[in-house]
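This report covers selected local features of one protein model.

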Amino acid sequence: MATMMAMKAVDFSFQSIAGKLEKMLEEEAALLAGVEDDVRYIVAELKSITSFLTAMSTRRNMDVELQNWVQEVREVAYDAEDSIDEFNCRLRSTPYSKCGVKGFFNHFLRRIKSLKSRHVIASEIKKLKIQVEEIKKRHDRYSHTNEATSFGTATNLDMTDRYSDPRIIGHFVEETQLVGINQSRDTLIKWVMDENYPELTTISLIGFGGLGKTTLAKIVYDDPIIVGGHFQSRVWIAVSQNYSIKELLKKIIRQISINEQQIRDVFGCQDASLNTEQLLNIMDEAQLVKTIRDHLHGKRYMIVFDDVWSTEAWESLSIALPQGKEGSRVIVTSRSEEVANYSCSRNRQFIFKISPLSPEKSWELFCRKVFEAPEYSCPRELENVGKEILQKCDGLPLAIVTIGGLLASKPDKKHEEWKDFGDHLRLEIQTNDMLSKIHQILLLSYNDLSFHLKPCFLFLGIFPEDYEIRRKRLMRRWIAEGIVSGVGGVPAEKVAERCFNELVSRSLVQPSEFYYNGTVKFCRVHDMMLDVIISISRKENFVVLLNEHPTIPPQHQKIRRLSWQGGSSGLVPNTDLSHLRSFTATAFGEDVPLKDYRNQRLLRAIDLEGCSALFDLHPMSFSKLCLLKYLSLRKTGLRKLPDSIGDLQNLEFLDIRRTDIEELPNTIVKLQKLVYLLCEPPIFQFPKGIRKLKKLRVLRIACADNVQLLQEIGELVELENLIICVIVDDLESRMLEEISTLLSKLNGSLRSLKIMQISDSGLKRALHELASPPLLLSKIHILAKTDGLPTWFASLEKVVEITLGGTRLQLQDLQVLRNLHTLVKLVLRNGSFDKNGEDLVFDQGWFTHLKYLEIETDGVSFKKVGVKI
C-alpha cells in the first residue's frame, strides 16, 4: 500500500521533470549544445519508468527491496527537478539592456554567465543521465523479478484471501452502541415510506469515512417497518472501489430470487444441463440488466448501493432499475458529493449529510463501549483522561467504538495506562492491530484520489491539528510549490480551485466557514485523517514536522518540506536543509527557529503567517533565493523588510498585512514577477518605480499621498484588485484628477475596488467626474464622503458585492442599487444613507437576487421583501 502511494508521487514528479526538459530543448537549444542527445535519452527513460510505476501501482504487496528502490527513484526525481529549476533561474538572473556602454557590458556579462550556466547544466545532465541509467538497471532487474509473481501465484492469492474489508463492521453493530442515530433513522424511514413520492426515488447518504453511513443504512434496511412486507424485493449491494458491474448485477439477481426459467427466457437458452449460476456466468451485461428490469417491473422494491465511489458506477447500475410509480426506493451511501448529486439529480432534497457526533453523544457512545451495563458509568479518576482521548476522535463513531473497544479489553483500567495510551494514540493507531481498521478505512479515501490530487491532500499535513486553513492560502501554496499548475490554457488558480473543490466533494476536507456566496473561506482536516496524512508523509518523506516530538528522516533522505508547529525541540544541530523547498511556521508567540535562508537556495515558499514573535530577519535572508515564489509575513511582529527582498526575482506573492512594517524598501521595485502585493495600515511609504511591477494583479493597500504614486499605479495595466487609502486632509485638484485618471486607465482590468478616506478630502469630485469608469467591477467598497452615488453606478452590470459607508445616499441612490440585478451582497455601514429624519424603507419587490444584507443604522423598515438578513 505504501509503495503504491510512493509510486504515484514519483509518477507525478517524473511527468513534471520530463515536461521541463522537453521545454528546455525547445527554448534553450543553443545552451544545450552537446547534451541534446542526453536530454532526449533522459526524457525517454523517465517516461518509460513512469509507465512502469503506473502499472506497478495496482499491486498491493511489494517486497522491501522494491520499496527501497521506489524511494530512491523519488529522491532522484526531486534532485533532477531542483537542478533544472536552479539552472533556469541562473540563466535568467541578469537582465539585458540595450542602452549605451552599460548595456554593452551587461550584454557581455550575460554572455559569460550563459557560458558558465551552459557548463553547469551540461554537467548536471551528465550526472542525471548516469542516475537514470542506474534506475533503468534496477527497473530491468525488478520488473524481471516480479514477472514471476504477477500471474496470481499462491503467495499473492494467500495474501488476498487474508485481507479483510474493515467496512464490514458497519453491518454488525450492537443496539447498545447506537448513539445519536434515532433522529437520522426516523428521517430516512419517513423518506423511504413517503407516499407523496410514488416514483422511483434515490436517497443519498454522504459523509466522511467512518461516520457510520453503512451502519445507518443497514439500520433503515433492517427496520421492521421496511422488512414487514412493504417492499416486494429488498437488495443490499456493496459496491466499493474495485467493482465489476457484471458481478454486481449477478448479485442483484441472486437477491431478488429470479427463477431459473425467467433467466432462460431472457438468455434464450433452454438447455436443461445449465444451472442458474452457469447461465449467469455466460450472460453478457445487457442480458443481466434486462433480467433485472423485467423482474422488477411493476414491483415496489428497495435497493441499497453501499459505498459507491464514482458516478460511473452509479450510472452503470441505475440502468438496471425500472422507473415506475409503485413507491420504489434506492439508498446510496458515498463519500463523494458528486455521486450524491448525480444519483439524486431528480430531487436533491433527498441528500442526507451525516455529521460527526457532538461531544455529549461522543461521550455517551464511548462510555457504552468501555464500561459495563446498565450504568455505563466512568470512574471519576478516568473521566478527564477519557475525554482527552475522545477529543482526538473528533466525533468519528468508527474511532470512538474501536478505541473504546480496545480500552474495554484491558483488564485494569488505570489512569497512568490511559494517559500513556492517549499521549501515543497516533502511534497506536498505526501499529496496534485492533486499531488498524481506523487507518484502513480512512486510507481508502486517499487511495481513490488521482495522482495529481494526492500531493494536494498530503500538503494539508503541514498544518497542526484543529488549524483553520484559509482556502486561498492553501491554493496559493500549491501553485508556488508546483503541486498545481496551469493545464491546457486553464490558469493555475482555476486548476487549484477545482482540486480544492474535489477534496471537499470527497469529504476529505471539511469546510468550516463560508463566504456569503457559498464559497469556502476556511476549512480543516479531521484529526483522524490528519494522522493518516502524517503517516503517509513520513513514509514518503513528503514533509517533516517539528513540534514537541520532532520527526527527522533518516540520513539518506533529504528534507524537502519543513513545518514548524511550535515547541522547544527546534532543529537538530547540523541538520542539512540545503534541499528545502518550503518552510512553514504556524506557532503563535514563539520565536521562529529558522530566520536566515541563505543556505536554502531551493526554497519555493516561506510561510510565517501568525508568528507574532518574529521581529526581525537577517539583512541578507533573501539574497540567494532565486526560486522563491511565495512569501507570507502576515501577522508577524516584523518591523522592516530587508533590502535583500529585491533579490527574489521569481517572487509572485508577498503578504505583509498586520505587521509593523511602515515602509517598503526601494528594492521592492525589482520584483518584476510579483502578482500579489498585500499590505495594510499603518501608513505605508511606497518607493518610486512601482510602475515596474507590470505583472501586479492585486495591490492592497496603496496610500494616495502623492501624485507620482497615483500616476505609477495607473500604469499597472493588469491590476484587477486595488485598495486605495486617501490620507491627505485636503486633496489638491491635481491629486483628484490623478485619482480619476488612474481609475479610467484601469477601467478594462479592475474587477475589485476599495476606496477608503481617512479624512474629509473631497473624494466626491474624483469619483463623480470619472471620464471612463471601471464598469467591469464585480466588487466595490466606498468608505468615503461622496454625497450620493456616482452616476456610473447605474451601469455596473457585473457587480455582485457593494459596501458603502459615509456616502450619505439619497432615496434615488437606493433605487439605483435595487436595479442592479446581479447584486447579491449589500453592506450599508454607518453614514451610508442620509435619512433626514426619515426611515430607510425597502419596498416590496426590491433586491430580489440579494443573498446577504447588512445595515449598520437605525430606522430601517421592510415591506414584505423576501430578503434574508
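Trp191, Tyr197, Phe350 and Phe352 are joined by ring pairs into a cluster. The model is predicted, so local features need pLDDT of at least 70 and side-chain atom pairs count only at pLDDT 80 or more, while totals for chains, interfaces and linings use all residues. Residues are numbered from 1 along each chain as its sequence is written, and side-chain values use heavy atoms, with hydrogens and water left out.

**Aromatic pairs**

Rings of Phe, Tyr and Trp (its six-membered ring) pair if their centres lie within 6.5 Å; planes under 30 degrees apart count as stacked, over 60 as edge-to-face and the rest as tilted. By this rule there are 15 aromatic pairs. Two of them are set out below.

| Pair | Centre distance | Plane angle | Class |
|---|---|---|---|
| Tryptophan 191 and phenylalanine 350 | 5.3 Å | 80° | edge-to-face |
| Phenylalanine 366 and tryptophan 418 | 6.1 Å | 80° | edge-to-face |

Helices (H or I, at least four residues) and strands (E, at least two) are DSSP runs, numbered from the N terminus. Tryptophan 191 belongs to helix α6 (residues 182-193) and phenylalanine 350 to the loop between α14 and β5, so their pair ties together parts that are 159 residues apart in sequence. Both tryptophan 191 and phenylalanine 350 are buried, where buried means under 20% relative accessible area, exposed over 50% and partly exposed in between (1.4 Å probe, protein chains only).

In the other pair, phenylalanine 366 comes from helix α15 (residues 359-370) and tryptophan 418 from helix α18 (residues 415-423), so the parts tied together are 52 residues apart in sequence. Phenylalanine 366 and tryptophan 418 are buried too.

**Charges over rings and the parallel sheet**

A charge sits over a ring if NZ of Lys or CZ of Arg is within 6 Å of the ring centre and within 35 degrees of the ring normal. Lysine 825 has its charged end over the ring of tyrosine 852, 5.1 Å from the centre. Arginine 234 lies over the face of tyrosine 221, at 3.9 Å from the ring centre. Arginine 234 also stands opposite methionine 302 in β3.

Strands β2 and β3 (residues 301-306) run parallel and are joined by six bridges; two strands pair if DSSP finds at least two bridges between them. They belong to an open sheet of five strands with parallel pairing, in the order β2-β3-β4-β1-β5. Its edge strands, β2 (233-238) and β5 (351-353), each pair on one side only.

**Positive phi**

Aspartate 394, in the loop between α16 (380-393) and α17 (397-409), has a positive phi near 55°. Asparagine 541, in the loop between α24 (527-540) and β9 (544-546), has a positive phi near 50°.
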